[in-house]
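Let's take a walk through this structure together. Have the sequence and the 3D view open, and we'll go from the sheet to the helix and then to the core.

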Amino acid sequence: MILDLKKVFLNENESISLHEDIEFPDMSEHFREPVSADITVRNRAGIAEFLAEVRLDYFCECDRCLKAMKKNYTFQFSHILIAQVPKDESDDYIQAPDYKLDTVSLLRDDILLELPSKFLCKESCKGLCPKCGKNLNEGSCSCVLHEPDPRLAVLKELWSE
Ligand SMILES: [Zn+2]
Ligand SMILES: [Zn+2]
């Protein structure tokens, strides 16, 4: 949603609050349900603040055993908004040119930064056997995964000469 924040920017103590359900169609594999966002923009002593609480279900696979899962997250974000483009670009501020703010693109960046880069079904996930692909959380397989003892390898070479 594009918020018009002119009223908030220009009036001290002015604020707006809204609820928005946000979809990311290009990432629908992970965001199968809309992200629920409660957004407030307020002017405190002449400074425009953006506050949001988002709740979302993130669909992903365990990085070790590939089990499909759904993780639930709640994140809080806050930003200082500025209407003019500053001389120095800064990450401390979010620009709202012409008092307009695109909540979807801002929250999308916020959420993607906040999500962990790895997902595990559980900390102790044993993963898959690299040889037969069995999910080792469900039991062990009979594969021999140990590298041959290097000393034996040397002996073997000697024998074969
Ligand atoms: Zn796992
Ligand atoms: Zn195996």
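Start with the open sheet: its five strands come in the order β2-β3-β4-β5-β6, and the pairing is mixed. Strands here are DSSP runs of E with at least two residues, helices are runs of H or I with at least four, and both are numbered from the N terminus. Two strands count as a pair if DSSP finds at least two bridges between them. β2 and β6 (93-95) sit at the edges with a single partner strand each, so one side of each has no neighbour in the sheet.

A word on what you're looking at: this is a predicted model, in which local features need pLDDT of at least 70 and side-chain atom pairs count only at pLDDT 80 or more, while totals for chains, interfaces and linings use all residues. Residues are numbered from 1 along each chain as its sequence is written, and chains are lettered from A and ligands numbered from 1 in the order in which they are written.

Now follow the strands across. β3 and β4 run antiparallel and are joined by nine bridges, with Asn-43 standing opposite Ala-48 in β4. The two strands make a hairpin with two residues between them, and Ala-45 in the turn has a positive phi of about 55°. Ala-48 also has a bridge partner in β5, namely Leu-81. β4 and β5 are antiparallel too, joined by 14 bridges. Their hairpin has six residues between the strands, and Leu-66 takes a positive phi near 65° there.

Next, find the helix. α2 lies across β2, β3, β4, β5 and β6, running at about 60° to β4 (axes are lines fitted to C-alpha atoms, for helices over the stretch in contact, and angles run from 0 to 180 degrees between N-to-C directions). Which residues of α2 are buried? They are Leu-107, Asp-110 and Ile-111. They cover an arc of only 95° around the axis, which puts them on the same side of α2; that arc is taken from the directions from the helix axis to the C-beta atoms. Buried means that 20 or more other C-beta atoms lie within 10 Å of a residue's own, exposed means 12 or fewer, and partly exposed is in between, with C-beta atoms placed from the backbone. The face turned away from the buried side carries the exposed residues Ser-105, Asp-109, Leu-112 and Leu-113. The buried residues pack against β2 (15-22), β3 (35-44), β4 (47-61) and β5 (68-82).

In the largest nonpolar core, which has 17 residues, Leu-5, Ala-37, Val-41, Ala-52 and Val-54 touch the most other members. Such a core is a set of buried Ala, Val, Leu, Ile, Met, Phe, Trp, Tyr and Cys residues joined through C-beta atoms within 7 Å. β3, β4 and α2 each supply at least two residues of this core, and β4 gives the most, with five. Setting aside neighbours within four places in sequence, Ala-37 is in contact (C-beta atoms, placed from the backbone, within 7 Å) with Glu-20, Ile-22, Ala-52, Val-54 and Leu-107.

Finally, look at the loop between β6 and β7 (100-102), where Asp-98 has its place. Asp-98 counts as exposed because it has 11 C-beta neighbours inside 10 Å. The C-alpha atoms of Asp-98 and Leu-5 are separated by 8.7 Å, although the two are 93 residues apart along the chain.

Methods. Contact = placed C-beta atoms within 7 Å.
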